[in-house]
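Below is a short briefing on one protein model and its ligand.

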Amino acid sequence: SAATATHIQRNPAYSELSSDDVSYFKSVLGETGVVLDADRVAVANVDWMGKYRGASQLLLLPKSTAEVSKILSYCNTRRLAVVPQGGNTGLVGGSVPVYDEVIVGLAGMDKIISFDNVNGILTCEAGCVLENLSTFVENEGFIMPLDLGAKGSCHIGGNISTNAGGLRFIRYGSLHGNVLGLEVVLADGTILDMLTTLRKDNTGYDLKHLFIGSEGSLGIVTKVSVLTPAKLPSTNVAFLSCNDYTSCQKLLLAARRSLGGILSAFEFMDHHCIDLAMRHLEGVQNPLPASPYKFYVLIETTGSDESYDKTKLEAFLLRSMEDGLVADGVIAQDISQASNFWRIREGISEASVKVGAVYKYDLSIPVEKLYDIVEEMRCRLGDSVEVLGYGHLGDGNLHLNILSSKYDDNTLAQIEPFVYEWTSKQRGSISAEHGLGLMKAEKIHYSKSPEAVQLMASIKKLLDPNSILNPYKVLPQSIL
Ligand code: FAD
């Protein structure tokens, strides 16, 4: 267990689970809400990549805020450590126990509470799966402000707790802007009602922001209200290739200038990603098969006028080819072609884990430097591993994946701390959107000043004085 964090010892201040504890939880949640079955608990102990594995014996499945409150109040008094778990698709080891923490799964809290179809405001429980919410609001003529490859499993509560970015960030921005209200249960069981649906509210400190992106370390999110943009009728997707990284950058600027308001995604992948996707994803086709190109870009536009939008994209593509920015390109002619393009981009994570071991880095770097780290890493590591660079270029967010047949300490020592030092030198972020979790809790200083980290620790101590919520994650152990 905890192979990836052997340097962290179990904190002896935490109690061990007793049969009395289990009886108490049964009295609150009933038999179905208390999962002791070894197979089901084993699934909840391991993360999506199969990289982080805990040794919890207990999974709790509350069905209401009141139940979450009773669980936390009890765990706080008993000093039982807790891991909040949504869809368990997180990529930094934040959603699974490190040792024997009690897992509190939110999957049973999946009700839509209300939808204001004039203002597009959705209020729902935290355990709703993102894709289900998307389908629901689309039927009402709206879309979710975020979309990501894990949509079929991740929960909105998990998205908010990781401040997930994803594929629509370039158009609709961060969850800090789109979340209007939250209900959160604090470590001592206090229910903090911040569930407003107001666009504007400057009464004091905006506390909900503390919980957006705090990865379950300050409270359990139980309800959310989210602003959803109107669904626009015309979507077009283009798949392009570029001969070098400079052209990708210039293309981004050109897309911003000429597509402006209708630009809804600008994703880039190097050719290693395309090769990988073709090898490991079933049923996908390379839209530009004749191409030994180095880079690929997926551009999506979303607007209100079918023919105008398409003409605009076609003109942009033509001009970019004439200017030599784009080597080759194709615009999807129907939905199935468009989803094939998206499947390639969204399937890279899934294809990566099929290789065996994947070292994942999620970096914010100034766009002009963003690909340098991929090339440097390739030089450092040689041919024994595969180095991929892709991501949300429009947001300055690189996903650097290093694939190997198995995890080993030598490879890791070649990658870290180099990758963090390099990013820090560029004043970048060592976590653009995945969070710190267990993987990067001890690395926060590469992106945050000592004063900022100290203030975070003070906030953590104020809200969770016994440190029962998601221990060993987010902040360095030494300052808690
Ligand atoms: P989990 O993985 O269960 O938990 C994540 C963290 O949040 C943990 O620390 C957990 O303790 C905490 N948490 C979960 N629910 C709650 C709650 N209700 N209250 C308090 N804390 C809670 N991320 C991006 O930002 N952009 C992407 O484009 C993107 N693409 C992805 C593609 C794939 C294929 C995969 C597997 C992951 C991707 N991710 C991406 C990672 C992303 O962080 C998660 O997918 C998602 O936001 C996590 O939601 P979840 O419900 O699975 O949370």
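How far does a backbone N or O atom of Pro 84 lie from an oxygen atom of the ligand? The distance is 2.6 Å, which counts as a polar contact (a pair of N or O atoms within 3.5 Å; within protein, one must be able to donate a hydrogen and the other to accept it, and residues adjacent in sequence count only if both atoms are side-chain atoms).

The model is predicted: local features need pLDDT of at least 70, side-chain atom pairs count only at pLDDT 80 or more, and totals for chains, interfaces and linings use all residues. Residues are numbered from 1 along each chain as its sequence is written, and side-chain values use heavy atoms, with hydrogens and water left out.

**Ligand contacts**
- The side chain of Thr 162 has an N or O atom 3.0 Å from an oxygen atom of the ligand.
- At Gly 166, a backbone N or O atom lies 3.3 Å from a nitrogen atom of the ligand.
- On its own the ligand has 970 Å² of accessible area, and the protein covers 97% of this (Shrake-Rupley method, 1.4 Å probe).

**The shell around the ligand**
- There are 36 residues around the ligand (a heavy atom within 4 Å of it).
- Those that come nearest are Pro 84, Gly 86, Gly 87, Thr 89 and Gly 90.
- The shell divides into 11 nonpolar, 23 polar and two charged residues; Ala, Val, Leu, Ile, Met, Phe, Trp, Tyr, Cys and Pro count as nonpolar, Asp, Glu, Lys and Arg as charged, and the others, Gly among them, as polar.
- At least two shell residues come from each of strand S3 (82–85), helix H5 (156–162) and strand S9 (220–227); helices (H or I, at least four residues) and strands (E, at least two) are DSSP runs, numbered from the N terminus.
- H5 gives the most, with five residues.

**The sheet with S3**
- An open sheet of mixed pairing holds four strands in the order S1-S2-S4-S3; two strands pair if DSSP finds at least two bridges between them.
- Strand S1 (34–35) and S3 stand at the edges with a single partner strand each, so one side of each has no neighbour in the sheet.
- S3 pairs with strand S4 (residues 102–105) in the parallel sense over four bridges.

**Backbone details**
- A cis peptide bond, with omega near 5°, runs from Glu 416 to Pro 417.
- Pro 417 is in the loop between helix H15 (409–415) and helix H16 (418–425).
- Ser 467, a residue other than glycine, has a positive phi near 55° and lies in the segment after helix H17 (450–463).
- Asn 470 is not a glycine but has a positive phi of about 45°; Asn 470 lies in the segment after H17.
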